[in-house]
Amino acid sequence: MGGLDGFVITFLNLEVMAEWLPKIASGFVLTVALAALIVAAGLALGLGLAVLRAFGLRVLNWGIILLVDVFRALPPLVIIVLLYFGLPGMGISLSGFWATWLSLTLVLAAFAEEIFWAGITATPKGQWDAGKALGLRFLPILFRIILPQAVRMVIPPLTNRTIAITKGTALASVVGVAEILGSAQSAMAFSGNPSPLTLGAIAYALLFLPVVGIGRWIERRAALPGR
Amino acid sequence: MFEDFVDSFLNLDIVLRALPILWRGLGQTLLLAAVVVPLGLAGGMAIALLSRAKSRWVRWPLAVWTDTFRALPPLVLLIFLYAGLPFLGVDLGPWGAVALAFFLNTGAYYGEVLRAGLDSVPPGQMEAARALGLRPAQALGLVVIPQAVRNVLPDLVSNTLEVVKLTSIASVVALPELLFQARQAQSVTYNASPIVAAALAYFVILWPVVRLLSRLENRAVAGRG
């Protein structure tokens, strides 16, 4: 096999690609579904934890901080493997899909809580005082005055972190989920040709290049002066 | 219920038996981190310096390069290098594939961080250093880069934490690091305790870094607000 010809037949074999395209496409759908469920649940849980932390109950806050630290310190793949292989020992069986969803949701929630909390603490104290002077109680101040400002402040770091964690959906292939990488790997095994893997890489690029671009745009917009 | 939990997650007997291979795995994980972090930093610094070039023929391909490797999940890249390249007769082996994948992936991330750092140093610093008679490389290495690094230190630490955590994906290509050894022990004993022990090891090593970051980040946001 000559250089370029060999490369094309090996990695860009159209025949093989056409054969396995439907499989990769269904993997694509699964990746998008998994990612959407992680983003929705992770951000909601993260915001919920940050709101709970704002109540300033000492013991509860220690619990939240410990939980957040654990899921920031552990590698996501370790958590996925632990839930997937560990829980059946307790009689709880989680499919690879839901084990990955739960793991990455907890990881995203931990990072999101930290980021939301940083936004809440960065909102000037005068905003709380002004709310009180208007006769508002704690919750209305938090939800109608503090959070709208805090959330706006933390959108850039939150977007970047969310994108990074969403890419972790590829880890689901390790616990047998046929998302993009998983289906590309099995297609490669069946066809004896790595072109499905190229197809998988293209699918990821299609999915994440726009997302990375949007993240960059948001970051640049937020960096503008006079925000 | 509680006994079940202890038996399947905190089984001391099994952890003690697995301890020698877990210990070796930990050594490999630390070695891996010691290899891939400097590799990523070197790649990132090269990207950051090149992206300051005036020519768009340098900047453009570089932006495509960075975005591509930021868009590809690292595990996809690793599988491609480990399982794909051998079809071309290029067999990198686990270590080679992991090193190259981390160089490409984490290099792109470090590159973004370091570029922001270099941008944050006023041009007057370079000019002043040159006026003092330093050569361009000296001015860069002794004046500009130290300030750039200091300005983005929280992001550098945060990125490094992610890189160290990411070394766990090397288990997928059978590099015998901590997670790989824990899974071996788990599959032999049908018990998850070795994985819990591995998780504990990661936590003990990385928790101080997480605490440090939490402080640095809060300070950064507070300074902005």
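Predicted model: local features only at pLDDT ≥ 70, side-chain atom pairs only at ≥ 80, totals over all residues.
1. Along its principal axes, the C-alpha trace of chain B spans about 70 × 50 × 30 Å.

2. The two chains meet through 50 residues of chain B, which are in contact with 49 residues of chain A. Between them, chain B and chain A bury about 4,400 Å², and 71% of this area lies on carbon and sulfur atoms. Of the area that chain B buries against chain A, 13% is supplied by B:F80, B:F87 and B:K165, which is more than any other three residues supply.

3. Polar interactions also cross this interface, where eight residue pairs are found in polar contact, with both residues at pLDDT 80 or more. On the side of chain B that touches chain A, two or more residues come from each of helix 1 (2-9), helix 3 (56-71), helix 4 (74-84), helix 5 (93-119), helix 8 (153-166), helix 9 (178-189) and helix 10 (193-224) of chain B. Helix 10 of chain B makes the largest contribution to that side, with 15 residues. By residue class, the side of chain B that touches chain A divides into 30 nonpolar, ten polar and ten charged residues.

4. Side chains of opposite charge can pair when their charged atoms come close. The structure holds 13 salt bridges over all chains, and the count between chain B and chain A is four. One salt bridge is formed by A:D69 with B:R211, whose closest N and O atoms are 2.7 Å apart. Because A:D69 lies in helix 3 (residues 58-73) of chain A and B:R211 in helix 10 of chain B, this pair joins two chains. A:R161 likewise forms a salt bridge with B:E162, and here the closest N and O atoms are 3.7 Å apart, a separation that falls within the 4 Å cut-off for a salt bridge.

5. Helix 7 (residues 138-166) of chain A deserves a separate remark, since a straight helix of 29 residues would span 42 Å at 1.5 Å a residue, whereas helix 7 spans only 34 Å between its end C-alpha atoms. Within helix 7 of chain A, a kink of about 55° lies at A:I155, shortly before the proline A:P156.

Definitions and conventions: Residues numbered from 1 in each chain as written. Chains lettered and ligands numbered in written order. Heavy atoms only, no water. Helix = DSSP H or I, 4+ residues; strand = E, 2+ residues; numbered from the N terminus. Expected span 1.5 Å × (residues − 1). Bend = angle between axes of the 7 residues up to and from the residue. Contact = heavy atoms within 4.5 Å. Buried area = accessible area lost by both parts, 1.4 Å probe. Salt bridge = Lys/Arg side-chain N within 4 Å of Asp/Glu carboxyl O. Polar contact = N/O pair within 3.5 Å; in protein donor to acceptor, adjacent residues only side chain to side chain. Nonpolar A, V, L, I, M, F, W, Y, C, P; charged D, E, K, R; others polar.
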